[in-house]
Every structure is written in C-alpha cells, then in structure tokens.
Amino acid sequence: MFLICVNLWLKKMEKNNFQQVGKSKIKVDGQALVTGQPVFVGDFIIPGMLWAKVLWSPHSHARIKNIDASEAEKLPGVKAVLTYKDVPRIPFTTAGQGAPEPSPYDSFILDNKVRYLGDRVAAVAAETEEIANEALKQIKVDYEILEPILDPKNSRKKNAPVIHDEKEAHMPLPLAYEPKKNICAHIDIKIGDAEKTLKESDYVIEHEYDIHYAQHTPIETHISTAYFDVHGRMVIITSTQVPFHVRRIVARSLNIPVQKIRVIKPRIGGGFGVKQEVLIEPLVAALAMKTNQAVCLKYTRSEEFISSRCRHPQVINLKTGVQKDGTFSAIDIGILQNNGAYGSHSLTILCNTGSKILPLFKCKNIIFDGDVVYTNLPVCGAYRGYGATEGYFAMGIQLDEMAEKIGVDIVEWSKKIHISVGETSPVFAALGEGVEGVEQNISSCGLDKCIELGAKEINWYQKRRKTQTGRYRRGVGMVIMMQGSSIPEIDMGAAFMKMNEDGSFNLLLGATDLGTGSDTIMSQIAAEVLGTATEKMLVYSSDTDLTPFDVGAYASSTTYLSGQAVLKTAQKIKEQIKKVAAEMLKEPVENLTVHEGKVFGKKGKATFSEIANYSLYTKHQHQIMAGESHITHKSPPPFSAHFGEVEVDTLTGKVRVIKYVAAVDCGTAINPKSAEGQTEGAVINGISYALCERYIFNKKGKMLNPNFNYYKIFSTMDLPELKTILVPTYEPTGPFGAKSVSEIGINGPCPVIANAIYDAVGVRLYKAPFTPDKVLEAIKKNGNHR
C-alpha cells in the first residue's frame, strides 16, 4: 500500500499563524486505544450482569397468532423473557434525528407482527449467553404466514400486501406518508421548466441506475448495557453516535421520564451511520426493568448484517439535457428507494440524494421526484454518504457520457459546470432534510484546484482514451462532488469548559467521537483560541448527565457545528482569563495578549496557573468557566474531485483498482492526519462497495451471506495506491475556516470506477457492484473492446 498526503495547507497555516490548528496532533485517546485499555462497552462488566439474546423471525412477513414462553422461563438461569405482551405498545422511530423526527413512528420494542426475515419476536435475559440461546429454542410461536413484498417495484401495486397495517403507525410531522400504499416517504420538487428544456436540448441522455444494499460492518457490532444506579436511575452504556437521542427515544418507548435515564457513550469500534440508530437500547432497557439487574445485549456478526441497518438501495431514472456549447440545460431525476421493513431515515436519505448532488451543477431546470417504499427485506438507515453515494453513482456516470456526447474532455467540462464562490442554487432553498432547505451562497470552493491537482496526479491526459489490445486493459475515470456540513437551522451542539489550578482545562462535550478523532479536534480548537497547548485540554464527551446537549455525530456536523460551540466557549474563557490577569497585573484588558499559556501585558506577565490560583484562592474568588451553544445557519459544502485508474481482465471480468486519487477541499484541516485518515477510510469503503459488497437473498428474502466469508470487504491486502490531496480554502462560517471531510470520500469510487471501466473496455455499467460476472457479461454483450 502506498499512502501519501500532499499537505498544501502548510503555507496557508503559516500565513494564518495557527499554533494548534492545522497540526497533526496525536489523538487524545490514542494511548488508551493502542494499549488495549478497557474503554469500550464490552469492557464494562457490571456485577450480576445478565446476557440478552433475541429470537428472530424465520419468516419475511407474518403475524404472531400465539407465543408461549413458559418453557423458556422455567430454564435454570433464565431471569426474563419478553414478548410483545410484556412491553408498552408505543410507536417510535429508531432514527436518531432531531425531534420531531422526519421518519415515521412505525416501530415497537416488540410487535405481534414480523415484517422481515430477521425481525424481533422475543428476547431473553439469562445468566449466560449459552443459557439465553437455549431458552430461545424453548419459545413456541404460531405464525400466520403473510404474502411478502421482496421487490420494491411491487410495493406500490394495487392490492399489494400492506406491510404496516397497524393503526398506531404515523408520521410526527405533516409529511407525505401512505402506509396503506406501502409508501413511507415522497418528494416532488420542480425548479424552472425541465420538461420543456429537455425537448429543446441538443442531446438528451436517459438511463436507469441500480445501486445496492450494503452493511457498515463496524468492527464492534451493536452492544448496549443497561443497569440501575444507587438512586434507581437507569444507566445505559452504549455504542452509539447519538446519546441524547437515545435518552429521548428510550424514554418514549418505555413511557418513563427522561430524568430517569442516563446514557453514556464510551469509545466506539466504528459507526459509519449504523449507530445513529436507536436500535437495541429500548429492548435492553426493558429487560433491565423486568429483571432489576444489569443486562447486556451484543449482536453477533450475522445479526449485525441482518437485523441492524444497511444502505438504502435505489433505482434511479436519470434524464439529462445538454447543449452543444456545453450548457447543462436540464435534469429530471426519479427515484424508487427501498427502505426495507421500517421507515427509518426514509425521507431524509431521499432528500439528500438530491440536495447533495443537484446544487453542484449550474443547471436551472430540475425535476426531482421520488418514492420511498416498504418491503419485507432488511431495514435501511443512515450510512456514510447518506443518499449522496447513490446519487453520485448515477450523476457521475451520466456526466461522463454527456461530455463524450458533446465531444469535450470531462475534466475541462467539469470546471465549467460546477458552482463557484459567490454563487447559489435554487435547490438549497427548495430541498432540505425532510423540510424546505436554507438559502445560501458558496463562500469557499477549491474544486477547480482539486480537479487540476487530481488530473495531474493520475496523469489523466496521457492515460485517457488509449487504444489497447491484449487481455488486460487499463482506463481512467473521474467525478466531481460536494457534500454538506451539518443540517442548518435544525441541529445544535454545545460545550462547557472550566479552568484548573495548573492551567489545564476540562472540556465537556456532547459531541460524539466515533474514533474519528473529534475529541482531539475540539481540543485543538479550544487550545488555539486560548493560546495554550492541546495537551492542556482534558476532554470528557457524550454523557447525558455530565455533558451539554449535542445532536451527535452525523450529517458531517461535528467539526463545523460542535467545533463552533467549542470556539465560542473558549472565547468566553479567554475573556475571563484576561480580566483576572488585568487585576493581577494592574493593567487594562486591552493591553493584554495571550499566548503560550501566559498573559502578557506592558508591565509583566502571568501564567495560566497563576491566574487560575488567583481566581480560586486569592481575591474575588470565582471559577473561570463558561458554556456555549451553536446552531448553524448554512451548510457549506466540502468539494472533491476523485480520479482512478483500473485494470480490467477481459478474460474473467475482474476489475483491479491500480491507483486512486482523492483531492478534497475541507476548508482548514484542523488535524491534517485525521482529515487524511477520514478521506482514505471513506475511499476504501467506497471502492469495496463498488467492487464486491452485496447482499445475496433467496426467494424468501433470507440473506444468504451474513458473514465475512461470503460478504467481501476490502482489507489492507486489497488496497491500491492511494493519494490524498488536501486543498486548503477558508470557510468564514466554520471554526478557523473548517468544513466537513468525513463523508464525501465514499461517494466517488462507484462512478469513478464505472467510468474507468468504460475507458478501458468500452462498456457502461449502470448496476453496482461491478463484480467479474457483470463486467464479463457486459464485455461479451458489447462485442468489442476499446
């Protein structure tokens, strides 16, 4: 593996004279992680803790006529068995989103109907996992088998089985929701006159794209432990991206007050969106309430594949118009999105497929129409890229074909059609995440530089459109992209800080570090403001009792949103420090400067330690402390240009990525190594998704490959040469000019690799993943190679 990061921001950092920001600081939790310290949920063993197991449905669609758990309850060591009869029947959504959520309330802790093969039927808590598994075998269930829907194209048909026929299911917001038609979300946006413009376009291209299921495969599967503290309050230690949403949703599902629940998020072994779901915590909490003992539930790998969450498959019909002079005249995009058996994140994923793609292009005539439907297949939820991955698969391939149609180089054409600084798009205001969006102008964009540097690095002009012979053919492809930074006017983050005697600071964050290094990023931001070292920050995050509110880690929001809350908090602390120092030095505040952990005046100086001790023990005693909240008013996009070179074996159809280049504008990279790692991780995630990851179902809707033997993901042995280029810009609304970086990288590999395959062998692929059998079939069908 060859990993390089071209640090173009270094000169810019020197110009800004940042001392902590723009530096690759060691992660604040790094030592504990690499030395194997007990920092994950599974490391917390509570005395007398029970182990939970779940009985899963063997049917894709069925009603429970009768369930008998009496034999299971008699088994020695079994402490509780729960069925739908034993828990409150309160509908909720498992989507960890701001309240009220734009997702249907169609889930129950346990229900008398199962809607996919792998749905919950019952749960057991026992002294050991072995006993719990044995107890599951003793539960007798009588099912009424119902007709399933295993193809989303059948969901809206007349007389199709109704998957959610329960009267309690509803949408908490006034949004389109028609469960009797198996529609859990709908969107219909029209800007300009796309129909007329398409008729007037010199060229019109239309294709159907099919993008597939995938699982996040975090190293740590879902795991949660619930117990009662000495005051009778429930404590939930859980691997989650959204601790405050967990608290609220558990309270609703069990009909108990929020004040009775404390949620703690320790270190997480991977999330990628799947732990934005409040999936197992209500069930674990219910078992703890039933037994009055600590209970832990952890998913097996098979359960993680089948019964957690996955990426939303979409069928995208994309019709685009282009003029001979290169004007991108119209876009008509229709989407059928499969949400599986429940409606989690249904509308917001669909919206993002439009809102993160369409504003990128200078196109004034747009139709965006989509339905999200229920099926009796595994449930979909948040996944890195969050709808943009699906959208760029279609748009990225179509752009390549459009450029070929008008006889221009896609690299040069891309520079002409993308949005630039000072410009806006009507899509920003028309399309948000479940509601109308927010008008905004682009205030930072380094996309042209990304295109230029990426093309140079891949050696684009020397490798593109080369006539080849022989078994192995190489080709190059590219795509341009944008994403977003937070959900404007909706999500909020907060921070609190206090100063200690030795000049160190406690920084309390609601923001959730998923292993992404956000605790370190927040420390760097605070230290930069205060003029001290990052190492002086003592970070504690994600404890609903002790840390301030934050929506959690999703929507590429942590650095941009929570970072700004930290910056504002640190500014308040700095002012308090200067006020105390002014009293100590007998100088006006305006004479003072702060750097290197000291306050300097014209007459003398005082260290942070001296200032802290003075404030606590000497005169006008008080704690130097502050807290601040922040809500964003725009979502400045990071921009990126991806380039890839592939080799296609024309005998077998196997595709091998030779080199992959990701040039990204994330504003100021607060921690360059962290930004590089996020980009490379996302790229590899995307390459794996493009080439080999897939769910294989039988005719009854059962997943046949819920393990790493048959669900292939890329490992270090599979990596191509990678090059990350961080292109510096300065986003004026972000902390020290920062934007997001974590999601955008996953959106490129599908279209890049598809375009590179076309460049190599002359075949277009509109259905992912690009497995050898599909590629070989396309080559044979094409009949000739480039």
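Predicted model: local features only at pLDDT ≥ 70, side-chain atom pairs only at ≥ 80, totals over all residues.

Me: How much space lies in the second largest pocket, and what classes of residue line it?

Reply: The space in it is about 540 Å³. Its lining has 13 nonpolar, 3 polar and 6 charged residues.

Me: What lines the largest cavity?

Reply: There are 21 lining residues, and Phe108, Asp119, Arg120, Arg309 and Tyr342 are the ones nearest the centre. By class, this lining has 12 nonpolar, 3 polar and 6 charged residues.

Me: And which residues line the second largest cavity?

Reply: Gly396, Leu399, Ile410, Ser414, Met478, Val479 and Ile480 do. They divide into 5 nonpolar, 2 polar and no charged. The largest share, 3 residues, comes from E17. H10, helix H11 (410-417) and strand E17 (472-482) each supply at least two residues.

Me: H10 came up there. At what angle do H10 and H19 pack?

Reply: Helix H10 (residues 388-406) and helix H19 (residues 749-761) pack at about 35°, and their axes are 8 Å apart. The crossing of H10 past H19 is right-handed.

Me: Which residues make the contact?

Reply: From H10 they are Tyr392, Phe393, Gly396, Ile397, Asp400 and Glu404, and from H19 they are Cys750, Pro751, Ala754, Asn755 and Tyr758. By class, that contact has 7 nonpolar, 2 polar and 2 charged residues. Gly396 is part of this contact and also lines the second largest cavity.

Me: Switching to strands. What is the order in the open sheet of 4 strands?

Reply: The order is E20-E19-E18-E24, with mixed pairing. Strand E20 (537-541) and strand E24 (625-631) are the edge strands, so each pairs on one side only. On average, neighbouring strands are turned by 20° against each other, direction ignored.

Me: How many bridges join E19 to E20, and do they run parallel or antiparallel?

Reply: Strand E19 (residues 505-509) is joined to E20 by 5 bridges, and the two run parallel. Leu509 stands opposite Ser541 in E20.

Me: What lies across E18, E19 and E20?

Reply: Helix H15 (residues 518-530) does, running at about 140° to E20. Helix H16 (residues 558-585) also packs on the sheet, where it touches E18, E19 and E24. The direction of H16 makes about 150° with that of E24.

Me: Last topic, the backbone. Where is the cis peptide bond with omega of about -10°?

Reply: That bond joins Ala99 and Pro100. Pro100 is in the loop between strand E4 (78-82) and strand E5 (113-114). The peptide bond from Ala768 to Pro769 is cis too, with omega near 0°. Pro769 sits in the loop between H19 and helix H20 (772-782).

Me: What about the phi of Thr217?

Reply: Thr217 has a positive phi of about 45°, although it is not a glycine. Thr217 lies in the loop between E9 and strand E10 (223-228).

Definitions and conventions. Residues numbered from 1 in each chain as written. Heavy atoms only, no water. Axes fitted to C-alpha atoms, helices over the stretch in contact; angles between N-to-C directions. Left-handed = near helix turned anticlockwise from the far one by under 90°. Contact = heavy atoms within 4.5 Å. Nonpolar A, V, L, I, M, F, W, Y, C, P; charged D, E, K, R; others polar. 1 Å grid on protein atoms, 1.4 Å probe; cavity = no way out; pocket = protein on both sides within 12 Å on 5 of 7 lines; lining within 4 Å. Points joined across faces, edges and corners; volume = space filled by probe spheres on them.
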